Amino acid sequence: VLANFPVVVAWDGRQVRLLDQTRLPETEAYLDISRLEELCSAIQRLAVRGAPAIGCAAGYGVVLALREALAEGAGACREIFERKCEQLAAARPTAVNLRWAVERCLAQYRKLLHQGAQLEQVRAGLETEALLIHEEDRRMCEAIGRHGATLLPRPQATLLTHCNAGALATGGCGTALAPIYAAHAEGVRLKVFADETRPLLQGAR
């Protein structure tokens, strides 16, 4: 059921790829982002939306922040890096996963420095942490779907969702929509009312 969904957030070891949700549903277009400023802009203009998806993107954004801080000189690297992380965390204050992901990566950064890790080890550790955040979100979505589907009546159910709650909002198959996907796969007959929110009709587009 989920195989045909587009990739919302991806990392190739060099840059973040985001599905540009401002252009849906007419066009499936992607943004290849290699600079932190570009990622902050994408978050602010809602090219990526849904707190879990923003959190996944933020993990990779911390890796970009470290790369940029290192390029500005090792001497002031930590100060520059932490300032860039704060810039990222503040890009969209209402997306709770954004600051959470940045703080989680910062904690890992400080832990690695405390352990005496070399800069390349720190960079690799942050990348691993970002990948973990993404994978954990994918697994949480699957668990929401698996457990949530058991709550739906059989053989048919009518549901209402609000805002962006499917695969476009997360690193996996979605939050509120995940049980709907799982129940559909089990043969439950479903009717779904999809509420929208502003400013970009999230949840309905």
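Strands β4 and β5 (residues 189–195) pair in the parallel sense over seven bridges; two strands count as paired if DSSP finds at least two bridges between them. The chain crosses from β4 through helix α6 (residues 178–185) to β5, a right-handed β-α-β crossover. The model is predicted: local features need pLDDT of at least 70, side-chain atom pairs count only at pLDDT 80 or more, and totals for chains, interfaces and linings use all residues. Residues are numbered from 1 along each chain as its sequence is written, and side-chain values use heavy atoms, with hydrogens and water left out.

**The parallel pair and its crossover**

- Helices (H or I, at least four residues) and strands (E, at least two) are DSSP runs, numbered from the N terminus.
- A crossover is right-handed if, with the strands pointing away from the viewer, the path from the first strand over the helix to the second runs clockwise.
- T161 has A194 of β5 as its bridge partner, and H162 has D195 of β5.
- Strand β4 (residues 156–162) has a covered face with A157, L159 and T161, while Q156, T158, L160 and H162 form the uncovered one.

**The antiparallel sheet**

- An open sheet is formed by three strands in the order β1-β2-β3, and the pairing is antiparallel.
- Because β1 (9–11) and β3 (30–33) stand at the edges with a single partner strand each, one side of each is left without a neighbour in the sheet.
- Neighbouring strands of this sheet are turned by 20° against each other on average, direction ignored; axes are lines fitted to C-alpha atoms, for helices over the stretch in contact, and angles run from 0 to 180 degrees between N-to-C directions.
- β1 and strand β2 (residues 16–19) run antiparallel and are joined by three bridges; W11 has V16 of β2 as its bridge partner.

**Two buried helix residues**

- V63 lies in helix α2 (residues 51–71) and is buried, with a relative accessible area of 5%.
- Buried means under 20% relative accessible area, exposed over 50%, and partly exposed in between (1.4 Å probe, protein chains only).
- The C-alpha atoms of V63 and C85 are separated by 9.6 Å, and these residues are 22 apart along the chain.
- Y181 lies in helix α6 and is buried too, with a relative accessible area of 18%.
- Y181 and R146 are 35 residues apart along the chain, with 9.4 Å between their C-alpha atoms.

**Pockets**

- On a 1 Å grid over the protein atoms alone, a pocket is an open set of points where a 1.4 Å probe fits, with protein on both sides within 12 Å along at least five of seven lines; lining residues have an atom within 4 Å of a point.
- The largest pocket has a volume of about 390 Å³, a volume being the space filled by probe spheres set on the points.
- Of the 21 residues that line the largest pocket, N164, L168, G203, A204 and R205 are the closest to its centre.
- The lining of the largest pocket divides into 13 nonpolar, six polar and two charged residues.
- The second largest pocket holds about 290 Å³ of space.
- Its lining has 15 residues, with H134, R138, G171, G172 and C173 nearest the centre.
- Helix α5 (residues 119–149) gives the most to the lining of the second largest pocket, with four residues.

Key:
Nonpolar A, V, L, I, M, F, W, Y, C, P; charged D, E, K, R; others polar.
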